[in-house]
There are 2 protein chains.
Amino acid sequence: MINRVISYLKDELSDVEKVLNENLHSTIKIIPELSSYILEAGGKRFRPILTLLSSRICGGKNADRAKIAAAVVEYIHTATLLHDDVVDESDTRRGRKAANRIWGNQAAILVGDFLFARSFFMMTENLPPSALNIMSDACVNLAEGEIYQLIKSYDIDTTEEDYYKIIFGKTAALIKAACEVGAVIEDNGELRGALRTYGEEIGYAFQISDDILDITGDPKNTGKPVGNDFREGKVTLPLIFALQKASREEKKKVRELLLKEDFEDKDFQTVKEIIYKYRGIEAAKQRVKEHGERAVSAIKTAPESREKEFLIEIANFLAEREY
Amino acid sequence: MINRVISYLKDELSDVEKVLNENLHSTIKIIPELSSYILEAGGKRFRPILTLLSSRICGGKNADRAKIAAAVVEYIHTATLLHDDVVDESDTRRGRKAANRIWGNQAAILVGDFLFARSFFMMTENLPPSALNIMSDACVNLAEGEIYQLIKSYDIDTTEEDYYKIIFGKTAALIKAACEVGAVIEDNGELRGALRTYGEEIGYAFQISDDILDITGDPKNTGKPVGNDFREGKVTLPLIFALQKASREEKKKVRELLLKEDFEDKDFQTVKEIIYKYRGIEAAKQRVKEHGERAVSAIKTAPESREKEFLIEIANFLAEREY
């Protein structure tokens, strides 16, 4: 599915890549080096695609601005990945060595700061003030989400509400902004709210399905060891749902494993069994489906178009992702 | 001197403190806690004072905006301090335990990100687009300066040019922006360039005099161990000047000490002797004086006023700072 969108937006996405590369210029070589390394490591340019589709569905008269906004969204996402990897002490990212393991934590922090700053500079030069308002608000939410995740890590009593607060900040807020900014660039007040809701809802669907995959996925496909979130102390939705029904002993056991110093692969097997026993995966999948439906419903008044079809397909794709 | 300015701007500075406190609000308690800790640790609000004076000298018709800009400049400065302390692995800041030693590196990084983001959000809500342009440009320079400092650390061949590139980014760029933004808020095109130059020049004077104090100062007054920069691998202007004249043996000796694993206080004595022998302090002091003079000269066309007198006094104060 995603390949068809990429092919449909081929020329624009190629321009976005140019914007991404051109704006890394600096007299300090390590900045483009480190940034390119993480930018090239891939990602599907999911957020830029959403900005481009949103802008096109709103008229698409400001294609150049949309490309800049798309690049800015990707820069901000990349900056948070750099800081995340330092915070999480990650060794790998997208199957490659994490940037902080090559250039050091210090450079990763500062190049992240550079990308944030350059993003805002690019916006001040090219985008309307309302775009900056949306993006800076998303960045506040991002920081809050990451901080809340940090506070709640290794906390077996993490609630569903805590979980949503975390994923709103760390994921949904930026995806929401990626969509909303598309409308704002086209000065389309009518669709602005619809796209914002669409973005927030697929943001939830995206993160929850990611968290499911962390439990059910094949490390060969995900590029991460199974149970990586749990190992990092992240209590995610499938486990939260299961713990709501688990016995006191089971909860105690999960807590022990969460706090265990030398966590092994087989320990996660125990956690996984408890999640499956209480159908935590199914309950979380149901949530993904609901968020996907809400996303589709939000944009039902948008004009019929190839762009609308793609936005709907993206929502459905997340809801039916192969686990 | 600085006390007289503080007293002159008493009411406005007290409002700036309110803006600083009010905008830390978040449902996540650690954000206002950690931020207040470092904000309260003091600092003389040097940058906010410059923004207020600059705005007043340009007419001062937008006092409310000036206070917000002043708070934003302080937030951005604080965010860089938080990231700096992680990068430098600092134990103390302004005589107190560094925030990263209390709340951890992870929280310090993320709260720094929060302050950057909140700064930009406040600007989008309250200040003209040109203010955002100036501040985002300053943030790009800040990140570049910090990265360049990191690259050049423990490099005995750091040149005068390298040094200026570092201090422009890490210090002068934000002080320049603090002054320029005052003019922009008042929409004063005439004084904008003058204040920008003034800010950049006192930025250099400020950082060079700080670097001199690191060598000559009494730890009781500076709150830092003597030779702290050298210990952290920072090759600063007095040493750069001395090394231009030092013998090959002396340079070799300094290099050994710079790279020495278990650096002791007495080791710095050797470095200090070489700096003094070649009059590195005097040469650096001369630079401070020149930057101070250029700062004063830049604003000579500004209308005669108490504000102008203060700006001149600040420049002179830096140039004649007690070493």
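In this predicted model, the largest nonpolar core holds 218 residues, and among its members A:M135 and B:M135 touch the most others. If neighbours within four places in sequence are set aside, the contacts of B:M135 are with B:V72, B:I76, B:M123, B:A177 and B:V181.

In general, two copies of a chain are related by a rotation about an axis and a shift along it. Here chain B is superposed on chain A by a rotation of 180 degrees, with 0.0 Å of shift along the axis and an RMSD of 0.0 Å, and this is the relation of a two-fold axis. The residue of chain B that comes closest to that rotation axis is B:P129, whose C-alpha atom lies at 3.3 Å from it.

Where the chains touch, 35 residues of chain B are in contact with 35 residues of chain A. On the side of chain B that touches chain A, the elements that contribute two or more residues are helix 3 (30-40), helix 5 (63-87), helix 7 (105-126) and helix 8 (129-152) of chain B. The residues on this side of chain B comprise 23 nonpolar, six polar and six charged ones. Because 100% of the interface residues of chain B are also interface residues in chain A, the copies meet through the same surface.

Two further residues, one in each chain, show other surroundings. A:Y154 is found in the loop that runs between helix 8 (129-152) and helix 9 (160-185) of chain A. This tyrosine, A:Y154, counts as partly exposed because 13 other C-beta atoms lie within 10 Å, a number that falls between the limit of 12 or fewer for an exposed residue and that of 20 or more for a buried one. Apart from its neighbours within four places in sequence, A:Y154 has contacts with A:G233, A:L258 and A:L259, while its C-alpha atom is separated by 28 Å from that of A:K176, which is 22 residues away along the chain.

In chain B, B:Q269 belongs to helix 15, which spans residues 265-277. B:Q269 is exposed, because it has 11 other C-beta atoms within 10 Å, and a residue with 12 or fewer is placed in that class. Between the C-alpha atoms of B:Q269 and B:G227 the separation is 8.8 Å, although these residues are 42 residues apart along the chain.

Terms used. Residues are numbered from 1 along each chain as its sequence is written. Chains are lettered from A and ligands numbered from 1 in the order in which they are written. This is a predicted model: local features need pLDDT of at least 70, side-chain atom pairs count only at pLDDT 80 or more; totals for chains, interfaces and linings use all residues. Helices (H or I, at least four residues) and strands (E, at least two) are DSSP runs, numbered from the N terminus. Copies are superposed by least squares on the C-alpha atoms of residues with pLDDT of at least 70 in both. Two residues are in contact if their C-beta atoms, placed from the backbone, lie within 7 Å. A nonpolar core is a set of buried Ala, Val, Leu, Ile, Met, Phe, Trp, Tyr and Cys residues joined through C-beta atoms within 7 Å. Ala, Val, Leu, Ile, Met, Phe, Trp, Tyr, Cys and Pro count as nonpolar, Asp, Glu, Lys and Arg as charged, and the others, Gly among them, as polar.
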